[in-house]
Amino acid sequence: MRKVAIVGIGHTVFGNLSKFDLVDIMSYASTNALDDAGIRKERKIIDQVFAANVGACLLNGQTGVASSMASRIDLEPAMAESIENGPASGASALKCGVMAIASGMADVVMVTGGEVMRSVTGWEGTDFVARMLHPEAEYDYGLTLPAFGGMFTRLYMERYGLTEEELAMVAVKDHENGSKNPYAHVPYTCTLEGIHCSPNADIINNVIAEPLRLYGMCPVSDGGASLILCAMDSPKMKYFKNKPPIRVSGIGSATDTHCVHHRKDPLELKAVALSAERAYKMAGLGPQDISFAELHDAFVILELAISEEVGFFKRGKARESVVKGETRIDGKLPINTSGGLKAKGHPIGATGVSQVFELVKQLRGEAEEGRQVKNPKHGLAVNFGGFGNNVVATICSKE
Amino acid sequence: MVDIYAVDFNKYRPPKAVVYGRKCPECGTVDYPAPMLCKHCGARRDPSGVEHSSWEKVPLGGKCKLLTWTKLYALPEGFTDRYLLFGIVEFESGLRASARLLVEEPKFGMSLVAEAGLVREKVGKDAYGFLCRKPEKS
């Protein structure tokens with residue numbers, strides 16, 4: 001299989017960008033990636049564009065996002081397709097990019113994810129995200145993704161003894177990292193005192209989906225992120241001398257049952273384990289080789305559960321790593337160095353691309369002061385779709 | 001003159017709430033919601049019933065136990081309640097489902113009874129699902 005390098009990265013700030021047009025946001029991130037790669041003038045070398053987005057039609061009244069974006073950044077006649085895979089759309093688009101290069105259909109690919117969700121009310125936004133659930137057996141009840149996050153957390157607490165304090169510690173750690181990330185939606189620190197121990201904690205950190213609280217879930221965000229990929233055996237690699245290439249050494253995905261109630265053990269996230277296994281196999285690596293990770297913490301419980309499913313910790317033991325500080329920037333396995341979805345934000349179509357943007361930034365040694373991992377070699381990103389029914393794992397490595 | 005007493009207003013009443021599973025005609029497995037292929041034997045369902053069997057509809061409900069639950073305060077569009085309680089329940093047959101809970105203090109393994117009821121009002125087609133209560137004391 002042809003080796004694929006990431007040769008350019010771009011990002012917009014995450015937050016409330018609802019006054020901007022979705023395609024402008026995606027195009028802005030893409031242009032940042034062109035500049036990072038140093039090919040704005042030579043942009044026509046891009047053979048293929050994959051645009052990851054979920055809600056353009058429902059939230060922004062727009063379709064055909066990939067063709068619109070390709071035209072706005074003057075990439076015609078490049079091939080262009082939109083990719084929709086729920087919250088895992090971004091990493092799915094990256095997977096399509098890797099496959100396009102591996103197959104020989106393209107040499108240079110742009111992968112851009114974007115979402116504008118704050119253009120509608122919170123009520124409508126919640127409904128939009130809930131529509132990825134089973135229409136009859138879940139959505140119609142009024143169930144939402146946070147509701148499943150709450151039920152998952154409850155069961156995890158019961159089985160493994162996880163406490164609310166330990167969950168709050170994950171949020172504190174993520175916000176510590178996010179406070180140093182210039183793209184974060186919520187770039188502020190929070191304290192255990194403030195969100196858990198103080199008499200006002202119930203007000204500051206109110207319950208959303210018991211036992212999950214406000215600081216146990218990600219914000220609703222707008223934003224975009226972009227990557228430029230190139231086949232490492234292509235003569236076009238000569239254009240990319242600006243930055244060291246970072247290799248996509250492994251990528252894998254897997255599905256699980258659409259309805260959560262069909263899972264024998266609701267705490268088992270089989271698609272996470274399998275997608276990671278596939279990525280490890282492709283990279284010839286194992287969990288012990290990973291220097292740091294970006295894990296899809298739409299709900300903080302998922303940071304713990306995913307870190308167990310990908311083999312970092314035994315089942316039920318991830319909580320101990322948080323208490324010991326092992327997943328902090330200076331710990332032995334930093335997790336969510338960007339602030340994660342919790343602090344950086346979660347524009348759903350952009351998230352998977354943004355996670356890999358962070359892997360590249362860390363592997364290049366370009367992360368901001370105070371959140372650069374020491375000498376990382378391999379980073380893992382897990383992008384989690386639905387409530388774990390479609391997951392993509394990506395491993396990036398220093399060349 | 002129209003005899004208003006002869007008009008049968010019953011026909012305007014909403015249909016009886018029922019939640020159906022589907023029974024595989026080959027191996028008898030009941031699944032909810034309806035699959036296209038039986039998980040156990042791979043038999044095929046045809047929603048139109050034209051080319052293949054549409055499978056027998058089996059009303060679901062009855063005794064179940066609570067596996068996990070949440071009290072959700074951030075409800076989606078269309079719900080004006082302060083909060084709603086949801087859970088995943090397991091019926092005596094082993095079949096599981098998501099359900100609305102009508103108990104204020106749920107507990108793990110709690111015995112419940114699921115009945116079909118209105119879960120979402122929709123224009124032209126209301127949605128029915130499982131409403132779970134504590135069993136009545138006999």
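## Chain A overall

Of the 399 residues in chain A, 63% are buried. The model is a predicted one. Chain A contains 14 helices and eleven strands. Its radius of gyration is 19 Å, close to the 21 Å that the globule rule gives for 399 residues, so chain A is as compact as a globular protein of that length. The C-alpha trace of chain A spans about 60 × 45 × 40 Å along its principal axes.

Residues 24 or more positions apart account for 78% of them.

## Helix H14 of chain A

Helix H14 of chain A covers residues 348-364, which makes 17 residues. From its first C-alpha to its last the helix reaches 25 Å, close to the 24 Å expected at 1.5 Å a residue. Of the 17 residues of H14(A), 16 are buried, so the helix is largely enclosed by the rest of the structure. Gly365(A) follows H14(A) and has a positive phi, near 80°.

## Helix H10 of chain A

Helix H10 of chain A runs over residues 270-283. Its 14 residues should span 20 Å at 1.5 Å a residue, and the end C-alpha atoms are 20 Å apart, which agrees. Just after H10(A) comes Gly284(A), with a positive phi of about 70°.

Which residues of H10(A) are buried? They are Ala271(A), Val272(A), Ser275(A), Ala276(A), Ala279(A), Tyr280(A) and Ala283(A). These residues cover an arc of only 165° around the axis, which puts them on the same side of H10(A). An α-helix has 3.6 residues a turn, so residues three or four places apart point the same way. The cover over the buried residues of H10(A) includes strand E8 (246-255), helix H11 (300-309), strand E10 (378-385) and strand E11 (390-398) of chain A.

## Met232 of chain A

Met232(A) sits in the loop between strand E7 (223-231) and E8 of chain A. Is Met232(A) buried or partly exposed? A residue needs 20 or more other C-beta atoms within 10 Å to count as buried. Met232(A) has 15 C-beta neighbours inside 10 Å, so it counts as partly exposed.

Leaving out residues up to four places away in sequence, Met232(A) touches Lys3(A), Val4(A), Ala5(A), Met237(A) and Pro245(A). Lys3(A) is 229 residues from Met232(A) in sequence, yet the two are 5.5 Å apart in space, C-alpha to C-alpha.

## A sheet in chain B

Chain B has an open sheet of three strands in the order E2-E1-E3, with antiparallel pairing. Strand E2 (30-31) and strand E3 (56-59) of chain B stand at the edges with a single partner strand each, so one side of each is left without a neighbour in the sheet.

Strand E1 of chain B takes in residues 20-23. Two bridges join E1(B) to E2(B), and these strands run antiparallel. Lys23(B) has Val30(B) as its bridge partner in E2(B).

## Contact between chains A and B

Chain A gives 29 residues to the contact and chain B gives 27 residues. On the side of chain A that touches chain B, helix H5 (122-130), helix H6 (145-160) and strand E5 (207-209) of chain A each supply at least two residues. H6(A) provides the largest share of that side, seven residues. By type, the residues of the side of chain A that touches chain B divide into 15 nonpolar, six polar and eight charged.

Key: Residues numbered from 1 in each chain as written. Chains lettered and ligands numbered in written order. Predicted model: local features only at pLDDT ≥ 70, side-chain atom pairs only at ≥ 80, totals over all residues. Contact = placed C-beta atoms within 7 Å. Helix = DSSP H or I, 4+ residues; strand = E, 2+ residues; numbered from the N terminus. Nonpolar A, V, L, I, M, F, W, Y, C, P; charged D, E, K, R; others polar. Expected span 1.5 Å × (residues − 1). Buried ≥ 20, exposed ≤ 12 C-beta atoms within 10 Å, placed from the backbone. Pairing = 2+ DSSP bridges. Rg over C-alpha atoms; globule rule 2.2 N^0.38 Å. Arc of directions from axis to C-beta.
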